[in-house]
Amino acid sequence: MTSIALQLDLLQQEIVKNCAKRQNFIHKVDLLAVSKRHSADKIRQAYQSGQRLFAENYVQEGVEKCQQLADLDICWHMIGAIQSRKCALIAEHFDWVQSVDRAKVAQKLSASRSTKLAPLNICLQVNLFDEAQKAGANKEQALELAQLVEELPNLKLRGIMAIPPKKTSSKQQSRQFAEIAYFYKHLASIYPNIDTLSMGMSADFVPAIEQGSSMVRVGTAIFGARE
Ligand SMILES: *Cc1c(COP(=O)(O)O)cnc(C)c1O
């Protein structure tokens, strides 16, 4: 077994174990492999051990990998900051965009998504703790944006994505994940078809799952340190 295959296997076991402990959020949890700054060859190795969901942060790098790996049926997620002039490239190559945090980006993605393709799956990136240095919509903005995404023809609202503040204490961290999950539930009460609460990375996916995550985004724990 390669080390990537081994890490994926261990992670899946850890995810299943933590899902089983949950009382409230009984949906399954998807593992999204974050492959930014890792080679197409490593992605291929992960694919060969069954991984299908991959995420990239940088448009150019992501598009190159989509092209190099076009023979694989990978579901590609964009999770990085988005410049509006890159929206057409994203809409052409990706299946999901999790980092939508403003109207202009949503509008451009919808306008450039080919009607021959399935609608682009959208998560709104939220920033619920007033972190000025981070992207993301606050609650009010996210509610407005959700309505816009619902109305745009070539987009499909799937949920929210969050990168919470750096850990100060375990208690604080869990409280923050719980607050994100609470907002997600509120959004789901308005849009009952959404199904994705994307939170948790290599260092914090266990508490994120405990608090209701449905998709964890893991890079380092699968592929090792980035260059
Ligand atoms: C890089 C990145 C991740 C993965 O981080 P790791 O700590 O390597 O697991 C997850 N989410 C986003 C938005 C990222 O940019």
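The structure is a predicted model. Helix 6 spans residues 139-151 and helix 7 spans residues 170-190.

**Helix 6 and helix 7**

- Two packed helices are described by the angle between their axes and the distance between the axes.
- For helix 6 and helix 7, the angle is about 30° and the axes lie 12 Å apart.
- Angles under 35 degrees count as roughly parallel, so helix 6 is roughly parallel to helix 7.
- The crossing of these two helices is right-handed.
- On the helix 6 side, the contact is made by Lys139, Ala142, Leu143 and Ala146.
- On the helix 7 side, Glu179, Phe183, His186, Leu187 and Ile190 take part.
- Sorted by class, the residues in this contact are six nonpolar, one polar and two charged.

**The largest pocket**

- Its lining consists of 20 residues.
- Lys36, Asn57, Ile79, Ile163 and Met201 are the lining residues nearest the centre of the largest pocket.
- The lining has nine nonpolar, six polar and five charged residues.

**The second largest pocket**

- Residues lining the second largest pocket include Glu131, Gln133 and Lys134.
- Ile163, Pro164, Pro165, Lys166 and Lys167 are also among them.
- Gln173, Met201, Ala203 and Asp204 belong to this lining too.
- By class, the lining of the second largest pocket divides into five nonpolar, two polar and five charged residues.

Technical notes. Residues are numbered from 1 along each chain as its sequence is written. This is a predicted model: local features need pLDDT of at least 70, side-chain atom pairs count only at pLDDT 80 or more; totals for chains, interfaces and linings use all residues. Side-chain values use heavy atoms; hydrogens and water are left out. Axes are lines fitted to C-alpha atoms, for helices over the stretch in contact, and angles run from 0 to 180 degrees between N-to-C directions. Helices (H or I, at least four residues) and strands (E, at least two) are DSSP runs, numbered from the N terminus. Angles under 35 degrees count as roughly parallel, over 145 as roughly antiparallel, 65 to 115 as roughly perpendicular and the rest as oblique. A crossing is left-handed if the near helix is turned anticlockwise from the far one by less than a right angle, and right-handed if clockwise. Contact means heavy atoms within 4.5 Å. Ala, Val, Leu, Ile, Met, Phe, Trp, Tyr, Cys and Pro count as nonpolar, Asp, Glu, Lys and Arg as charged, and the others, Gly among them, as polar. On a 1 Å grid over the protein atoms alone, a cavity is a set of points where a 1.4 Å probe fits but cannot get out, and a pocket is an open set with protein on both sides within 12 Å along at least five of seven lines; lining residues have an atom within 4 Å of a point.
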